[in-house]
Amino acid sequence: MTLNQLVSAATGHNSVARGLAILALAVTVGLFIGAIRVRGVRLGVAGVLFSALIFGQIGLSVDPNVLQFLRDFALILFMYAIGLQVGPGFVASLRADGLRLNILAILVLVLGAIMAVAAGRWLPRATSPGLYTGAFTTTPGLAAAQEAFRRASGVDENNPDVARIGLAYSIAYPFGVIGPVLVTLIMRYLFRVNIEKEKSDLLAEDQKRRPPIEIADFQVTLSTHTGKALRDNQLLRGTGIVLSRLLRAGSVSVPTGQTEIHLHDIYRAVGPRDALAKIISELGQRVEAGFDSAAGDVRRLDLIVTRPQVLRRSLRELDLVRRTGVTVARITRAGIDLIPSASVRLVFADRLVVVGPAAGLKTVEAELGNNPESLDRPQLAPIFLGIVLGVLVGSIPLAIPGMNITLRIGLAGGPLLVAIALSQLGNIGSVIWYMPASANQLFRDFGLAVFLACVGLRAGDHFIQRAAEGGGLPLLIWGAIITLVPVFLIGCLARLMLKMNFLTISGWVAGAMTSSPALLFADELTHSGAPAVAYAAVAPLSTLVPIICAQVLAIASH
């Protein structure tokens, strides 16, 4: 009995049950394939596409209506989770190095689209959008291209030209997975990169751009600034320094704006390293304070912001020091230490270090929430509300000036943009757009795995025969060229002319190509978090731009 007959016998005449069984089996086999490492590189979730192609080739088909629904729903989940993941740091990245990285990524994607148009002149009709989306492994772009082609041509899902787009995608996709890894390796050897030197250079650059936050205890031994209240001291203004504790006459207290500086005062200060060094040199000298053994009702508490009522409120508005005697000594957001200045607004899951009397700490804890369990319990209402908004935004027609066509960012771009916007907004009342990292990873992997399985099962039907008839080898060659040439040329430009660090380039290559295997390879090659930072900076636009380009290619091909 064949596998097809076995599945049919087990599920009977229920097409939905049969389809789900085949799809789940294809995903399972694909994940096993993706876990295989070859020279430190593994396909990961991308392995599902190859197993699904094999299943389709051997005749394990799924009802087209079931397949289309599952594909679209999985795509929405994947893109929405991606938006929530990268959204919080996206706007901030554009203010720094991210703007330059995104411009370079857009150049790669547009150059690839131009090359796909050129290739389409020598290839069968409607192959250029599939070639482009496969070369850049942009699964959302494929869905957008097929939808745009159907709208422009007035055909349904079963049209041969629509299937040809999926076929070209499937042929170009394998090298689209391998290509970014090859580009990273080629650039490493071409420019004779020393990974350890690149790490030290990048660390030095980061410290210049964002000095590390440190804690230091110092004693006032110079009388230059004594007798002045802290809030009136020009030396402390605009430095980002927070004085969290004061030891005076053997008693510990929390300094406030009214506290006067006296000789022999000992302060605990938190702030940027260079600013701390300057303040200490102006006021006195570093000491070992011994705050823990001194008398006084001052304690430290680590807590997490989880109460909706305080979200998006600034420390100035909360006025904790005056009301409770508690000062915020440190704020950590998404793994990054922030200077707790008065203008900083709290967001859900901020981690705070607060110092003050026991009664004040108890009041602050009640006001801010400090309920770690809520971080591991995702709310369903914000997820489904975000998906509704994403589908609506994706359905809005966008007119292109000078062209008699309209585009839609579709079921891929809509949820992505909405998720980024909602993650920036943070919350509306008790509705909080926050998803725990583990839940986000599950949504992304589940959505991508199901989407790739649907694409593979659809394209895999007589895949070898159709590839041979449709000129599979030229598609493969053109796909490899479109994958390699744009990102390699722009990458060399970034290294030679912009003097960009290799660790950043390796993450940028993965992000511009939206290639998770390339990011995993870059992480293992460099043993650094820098590639992931660059990847996150360009991933949103690198996901959105191909959706637009693929639709233009599809409309031009109809």
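Analyst: A helix here is a DSSP run of H or I with at least four residues, and helices are numbered from the N terminus. The model discussed below is predicted.

User: Let me start with salt bridges. What can side chains of opposite charge do when their charged atoms come close?

Analyst: Such side chains can pair. In this model the count comes to 11 salt bridges. One of them joins the side chains of Lys 199 and Glu 196, at 3.8 Å from N to O.

User: How many residues apart are Lys 199 and Glu 196 in helix H9?

Analyst: An α-helix has 3.6 residues a turn, so residues three or four places apart point the same way. Lys 199 and Glu 196 are 3 residues apart in helix H9 (residues 195-209), and therefore about one helical turn separates them. Lys 199 is partly exposed, because its relative accessibility is 23%. Glu 196 counts as exposed, at 53%.

User: Which residue does Arg 322 meet in a salt bridge?

Analyst: The partner of Arg 322 is Asp 319, and the N to O distance is 2.5 Å. Arg 322 is exposed, with 64% relative accessibility, whereas Asp 319 is partly exposed at 26%.

User: Where do Glu 367 and Arg 323 lie?

Analyst: The side chains of Glu 367 and Arg 323 form a salt bridge at 2.9 Å, N to O. Glu 367 belongs to helix H13 (residues 358-368) and Arg 323 to helix H12, so this pair ties together parts that are 44 residues apart in sequence.

User: Is Glu 367 buried or exposed?

Analyst: Buried means under 20% relative accessible area. Glu 367 has 18%, so Glu 367 counts as buried. Arg 323 is partly exposed, with a relative accessible area of 39%.

User: How many residues of H6 are buried?

Analyst: H6 is mostly covered, with 8 of its 8 residues buried. Among them are Pro 129, Leu 131, Tyr 132 and Ala 135.

User: Where is Arg 312 found?

Analyst: Arg 312 is in the loop between strand E6 (299-304) and H11. Its phi is near 65°, again a positive value in a residue other than glycine. Unlike a buried residue, which is under 20%, Arg 312 has a relative accessible area of 40% and is therefore partly exposed.

User: Which residues line the largest cavity?

Analyst: The lining consists of Tyr 80, Leu 84, Gln 379, Pro 382, Ile 383, Ile 432, Trp 433, Tyr 434 and Met 435. Helix H4 (64-95) and helix H14 (380-394) supply at least two of the lining residues each. By class, the lining holds 8 nonpolar residues, 1 polar residue and no charged ones.

User: What volume does the second largest pocket have?

Analyst: The second largest pocket holds about 940 Å³ of space. Strand E2 (242-248), helix H11 (315-318), helix H12 (320-324) and strand E7 (327-333) are the elements that give two or more residues to its lining. H12 gives the most, with 3 residues. The lining has 28 residues, and Ile 241, Gly 257, Val 321, Thr 327 and Ala 342 lie nearest the pocket centre.

User: How do the residues of that lining divide by class?

Analyst: The lining of the second largest pocket divides into 14 nonpolar, 9 polar and 5 charged residues.

User: Last, the surface. Which residues make the nonpolar surface patch of about 500 Å²?

Analyst: Leu 473, Leu 476, Ile 477, Ile 481, Val 485 and Leu 489 make that patch. Leu 489 is placed in helix H18 (residues 472-496). A patch residue needs over 30% relative accessible area. Leu 489 has 48% relative accessibility and so counts as partly exposed.

Technical notes: Residues are numbered from 1 along each chain as its sequence is written. This is a predicted model: local features need pLDDT of at least 70, side-chain atom pairs count only at pLDDT 80 or more; totals for chains, interfaces and linings use all residues. Side-chain values use heavy atoms; hydrogens and water are left out. On a 1 Å grid over the protein atoms alone, a cavity is a set of points where a 1.4 Å probe fits but cannot get out, and a pocket is an open set with protein on both sides within 12 Å along at least five of seven lines; lining residues have an atom within 4 Å of a point. Ala, Val, Leu, Ile, Met, Phe, Trp, Tyr, Cys and Pro count as nonpolar, Asp, Glu, Lys and Arg as charged, and the others, Gly among them, as polar. Patches are made of residues with over 30% relative accessible area and no salt bridge: like charges are joined within 9 Å, nonpolar side chains (Val, Leu, Ile, Met, Phe, Trp, Tyr) within 5 Å. Accessible areas come from the Shrake-Rupley method with a 1.4 Å probe; for residues, only the protein chains shown count as cover. A salt bridge is a side-chain nitrogen of Lys or Arg within 4 Å of a carboxyl oxygen of Asp or Glu. Buried means under 20% relative accessible area, exposed over 50%, partly exposed in between (1.4 Å probe, protein chains only). Grid points are joined across faces, edges and corners, and a volume is the space filled by probe spheres set on the points.
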